[in-house]
Amino acid sequence: MLLLNSFIFISGACCGSFITCMAERLSDMQSLYTNQRSICPNCQHQLRFWQLIPIFGVLIQRGTCFDCHARIKLQSTWIEFICGSLLVLNWQMPPITSVPLLLGYAVLIFNSLTDQLNFSVFPLTLVIPGIIGLWLRPLTFSIPLLIIVSLLVVLYGIAWKTHQFGLGDVDVLVLLACLVEPNLVLNSLVLACVAALIIFSLPPKQAKLPFVPYLTWAFIIVTQLS
């Protein structure tokens, strides 16, 4: 069992590495189709294969680039660890629950990274997990669902008219509603709003705050604890 869980964790970590790489390349307007390995952002040296091993590559280098000794940002390493852990925690769940949820986690983490890097969200990436979620768990009428639908209509109107609230944020909320019960979506939204307000109130003040990362991590926390 330990060997199987280790293999699953490594598979999830590899997925996390791929998600981070794609998000960074899209945000930097780089081509996704290339035979070239990633490079060190400080010295521009092409990374060796062992430097790209999820989690262990950073550990082997002791957190600094092997060539220029610049400190390596640990964002990708944390994403790899989180993706590996999520896969281990959820792979034994029934497919009706685990498949759309894990796909949802993947596209949410991807869009949280692109939103953080340059305030971009890619709605097309949300379509497949949303459709699978609706297919495996059709919506049923409830008061929380009615609240979410009303909220989405209002938010779309605000985003369309004022541009103060990103349409991508609303698209992400739609995905959440397709994946889990409405009460979990509302709990995730409340947690994300509280966290964003706390961070926004802290110095230094930010003119614009990416909200998808808060929605993503709040959704992961709520769904894993439910």
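These are my notebook entries on what I looked up in this predicted model.

**Ground rules**

I number residues from 1 along each chain as its sequence is written. Because the model is predicted, local features need pLDDT of at least 70, side-chain atom pairs count only at pLDDT 80 or more, and totals for chains, interfaces and linings use all residues, while side-chain values use heavy atoms, with hydrogens and water left out.

**Entry 1: the nonpolar core**

I began with the largest nonpolar core, which has 40 residues. Such a core is a set of buried Ala, Val, Leu, Ile, Met, Phe, Trp, Tyr and Cys residues joined through side-chain atoms within 4.5 Å. I noted the residues with the most contacts inside this core: Val 172, Leu 173, Leu 176, Leu 215 and Phe 219. Helices H1 (2–27), H3 (75–90), H4, H6 (143–162), H7 (167–179), H8 (182–201) and H9 each give two or more residues to this core. Helices here are DSSP runs of H or I with at least four residues, numbered from the N terminus; strands are E runs of at least two.

I then took Phe 219, which sits in helix H9 (residues 212–225). Is Phe 219 buried or exposed? Phe 219 is buried, at a relative accessible area of 0%. My cut-offs: buried is under 20% relative accessible area, exposed is over 50%, and partly exposed is in between (1.4 Å probe, protein chains only). I listed the contacts of Phe 219, setting aside neighbours within four places in sequence: Leu 101, Tyr 105, Leu 108, Leu 176, Leu 179, Val 180 and Ser 188. Contact means heavy atoms within 4.5 Å. From Phe 219 to Leu 108 I read 9.3 Å, C-alpha to C-alpha, across 111 residues of sequence.

Leu 173 came next. Apart from neighbours within four places in sequence, Leu 173 is in contact with Leu 152, Leu 155, Val 185, Leu 189 and Leu 215.

**Entry 2: Ile 109**

I found Ile 109 in helix H4. Ile 109 is buried, with a relative accessible area of 1%. Leaving out neighbours within four places in sequence, I see Ile 109 in contact with Ile 19, Ile 79, Cys 83, Thr 216, Trp 217 and Ile 220. I also checked Phe 7, 102 residues away along the chain; the C-alpha atoms of Ile 109 and Phe 7 are separated by 21 Å.

**Entry 3: a surface patch**

Val 99, Leu 103, Leu 124, Val 127, Ile 128 and Ile 131 make a nonpolar patch of about 560 Å². Patch residues have over 30% relative accessible area and no salt bridge; like charges are joined within 9 Å, and nonpolar side chains (Val, Leu, Ile, Met, Phe, Trp, Tyr) within 5 Å. Accessible areas come from the Shrake-Rupley method with a 1.4 Å probe, and for residues only the protein chains shown count as cover. Helix H4 (95–118) and helix H5 (124–136) each supply at least two residues. Which helix gives the most to the patch? H5 does, with 4 residues. Val 127 is in helix H5 and is partly exposed, at 39% relative accessible area.

**Entry 4: one salt bridge**

How many salt bridges does the structure hold? I found 1. The term means a side-chain nitrogen of Lys or Arg within 4 Å of a carboxyl oxygen of Asp or Glu. The side chains involved are those of Asp 67 and Arg 48, at 2.9 Å, N to O. Asp 67 lies in the loop between helix H2 (56–60) and H3, and Arg 48 in the loop between H1 and H2, so the pair ties together parts 19 residues apart in sequence. Both are partly exposed: Asp 67 has a relative accessible area of 29%, and Arg 48 has 25%.

**Entry 5: loop residues**

I noted positive phi in Ile 55, near 65°, in a residue other than glycine. Ile 55 is in the loop between H1 and H2 and is buried, at 14% relative accessible area. Arg 62 also has a positive phi, about 60°, and is not a glycine. Arg 62 is in the loop between H2 and H3 and is exposed, at 76%.

**Entry 6: the record**

I checked UniProt, where an unreviewed entry lists residues 96–113, 119–136, 143–160 and 172–200 as "transmembrane region". Such annotations may be inferred rather than shown by experiment, and the positions are in the numbering used here, with feature names shortened. Residues 143–160 are 100% helix and 0% strand, with end C-alpha atoms 26 Å apart. Residues 172–200 are 93% helix and 0% strand, with end C-alpha atoms 20 Å apart.
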